[in-house]
Each structure stands twice: as C-alpha cells, then as structure tokens.
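Open the model in your viewer and keep the selection tool ready. Each stop gives you something to select and tells you what is there.

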Amino acid sequence: MAASERVTVALRTQEDVVSLRHRVREQAVVLRFSLLDQTKIVTAASELARNAVIYGGGGEAIIETSLNNGRDGLTLTVIDHGPGIPNVEDAMRAGFSTGGGLGLGLSGTRRLVDEFELRSEVGQGTSVRIVRWK
Ligand SMILES: Nc1ncnc2c1ncn2[C@@H]1O[C@H](COP(=O)(O)OP(=O)(O)OP(=O)(O)O)[C@@H](O)[C@H]1O
Ligand SMILES: [Mg+2]
C-alpha cells in the first residue's frame with residue numbers, strides 16, 4: 001500500500017503540546033511502531049513543541065505519516081517564527097539552556113530519531129525536522 005497523511009497542529013500553549021503528543025501517538029500506532037518507538041517519537045515531538053512554545057512564542061507542527069512499500073515512517077516538522085537560535089552548536093549541547101531548563105531537549109531528541117535537521121535564523125525563527133523510520 002502507498003499512502004500518506006498529513007496533520008497540522010497549532011502550538012501556542014502547553015495544552016497544544018499535549019494534543020500534539022496524542023496525534024503523534026495515533027500516527028505511530030497507524031504505522032505499527034513498537035511501544036518503545038511510539039514513546040521515542042512522542043517524547044521527541046514533545047520536546048520540540050515545548051521549545052517552540054517556550055522560546056519560539058508558539059508555532060506549528062506538521063506530522064507526515066508515510067506508508068510506502070517498505071519505507072514507512074513518521075516525519076515531524078516543528079516551526080516557529082520566534083527569535084531564532086544564535087548558536088546552534090551551543091543549543092545542541094547537553095546541559096545548555098537559556099531558560100533554566102535541563103538543556104536536554106534538543107540533544108535528547110536527536111538521539112531518539114533517525115534523521116534530525118535544525119534550521120534557525122536569528123530574527124526569523126526555527127524549524128526542526130525529524131524522521132523516525134519503521
Ligand atoms: N525554538 C527555539 N527558539 C529559540 N531558541 C531555542 C528554541 N529551541 C531551543 N532553543 C534554545 O536552545 C536551548 C537548548 O534547548 P533544549 O531543548 O536542549 O533545552 P531547554 O529547553 O533549555 O531545557 P529542557 O528541554 O531540557 O527542558 C534553549 O535553552 C534555548 O536557548
Ligand atoms: Mg527544551
């Protein structure tokens with residue numbers, strides 16, 4: 001079967017982060033991800049969404065589910081139009097936080113997924129695209 005689905009979730013509040021977690025979980029179930037893989041992609045989604053709300057002033061998440069003959073996976077893109085990240089290398093380092101957090105969101109997310117692509121421009125915003133293959 002070849003099919004794909006695209007769901008967009010607005011991210012403004014902590015409740016929106018919870019909604020995104022639910023939608024990602026749903027799509028991971030559609031893809032028949034293992035329980036462990038479901039938890040990994042849900043955790044990753046949660047961290048990126050939390051950053052978009054806290055640092056990016058809100059944004060949106062796009063969940064793309066593809067079922068394509070052996071190339072099944074979930075792609076998540078989280079976008080905001082906030083202040084951007086001045087030093088991405090610093091931000092990616094475990095323990096670095098400008099918000100009094102643990103500074104583990106981005107570094108942890110990278111380890112939970114198969115593909116991780118962060119683009120950020122100061123004054124323009126931040127976009128992070130992650131993929132977890134089945
Ligand atoms: N969307 C974003 N816009 C602007 N800055 C960001 C964004 N996401 C992350 N950052 C910056 O990168 C830093 C590291 O992010 P990361 O998620 O790793 O840690 P944290 O959010 O500070 O703490 P934790 O996620 O562990 O609670 C943040 O403190 C912030 O300075
Ligand atoms: Mg974070």
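**Before you start**

This is a predicted model. Keep that in mind at every stop.

**Stop 1: S4**

Select S4 in strand 1, which covers residues 2–11. Is S4 buried or exposed? S4 has 11 C-beta neighbours inside 10 Å, so S4 counts as exposed. Now show its contacts. Beyond its neighbours within four places in sequence, S4 touches E64, T65, S66 and L67.

**Stop 2: helix 1 against helix 2**

Select residues 14–30 for helix 1 and residues 35–54 for helix 2. Their axes come within 9 Å and cross at roughly 155 degrees. An angle over 145 degrees counts as roughly antiparallel. Helix 1 and helix 2 are therefore roughly antiparallel to each other. The crossing of these two helices is right-handed.

Which residues of helix 1 meet helix 2? Colour Q14, V17, L20, R21, V24, R25, A28 and V29. Facing them from helix 2 are D37, Q38, I41, V42, A45, S46, A49, R50 and V53. By class, this contact holds ten nonpolar, three polar and four charged residues.

Look at the spacing along each helix. An α-helix has 3.6 residues a turn, so residues three or four places apart point the same way.

**Stop 3: V17**

Zoom in on V17, in helix 1. V17 has 22 other C-beta atoms within 10 Å, so V17 is buried. Setting aside neighbours within four places in sequence, its contacts are L11, S46, A49, R50 and V53. Pick out R50 from that group. V17 and R50 are 33 residues apart along the chain, yet their C-alpha atoms are separated by 6.6 Å.

**Stop 4: R32 in the loop**

Step to R32, in the loop between helix 1 and helix 2. Check the backbone here. Most residues other than glycine have a negative phi. R32 is not a glycine, but its phi is positive, at about 60 degrees. R32 counts as exposed, because it has 11 C-beta neighbours inside 10 Å.

**Stop 5: along helix 2**

Return to helix 2 and check its length. At 1.5 Å a residue, its 20 residues should span 28 Å. The C-alpha atoms at its ends are 28 Å apart, which agrees.

Next, select the buried residues of helix 2: Q38, I41, V42, A44, A45, E47, L48, A49, N51, A52 and V53.

**Stop 6: helix 2 against helix 4**

The crossing is left-handed.

From helix 2, colour K40, T43, A44, E47, L48, R50 and N51. From helix 4, colour G105, G108, T109 and L112. This contact has three nonpolar, five polar and three charged residues.

**Stop 7: E47**

Finish on E47, in helix 2. How many C-beta neighbours does E47 have inside 10 Å? There are 23, so E47 counts as buried. Leaving out neighbours within four places in sequence, E47 is in contact with G105, G108 and T109.

How values were computed. Residues are numbered from 1 along each chain as its sequence is written. Chains are lettered from A and ligands numbered from 1 in the order in which they are written. This is a predicted model: local features need pLDDT of at least 70, side-chain atom pairs count only at pLDDT 80 or more; totals for chains, interfaces and linings use all residues. Axes are lines fitted to C-alpha atoms, for helices over the stretch in contact, and angles run from 0 to 180 degrees between N-to-C directions. Helices (H or I, at least four residues) and strands (E, at least two) are DSSP runs, numbered from the N terminus. Angles under 35 degrees count as roughly parallel, over 145 as roughly antiparallel, 65 to 115 as roughly perpendicular and the rest as oblique. A crossing is left-handed if the near helix is turned anticlockwise from the far one by less than a right angle, and right-handed if clockwise. Two residues are in contact if their C-beta atoms, placed from the backbone, lie within 7 Å. Ala, Val, Leu, Ile, Met, Phe, Trp, Tyr, Cys and Pro count as nonpolar, Asp, Glu, Lys and Arg as charged, and the others, Gly among them, as polar. The expected span of a helix is 1.5 Å times one less than its number of residues. A residue is buried if 20 or more other C-beta atoms lie within 10 Å of its own, exposed if 12 or fewer, and partly exposed in between; C-beta atoms are placed from the backbone.
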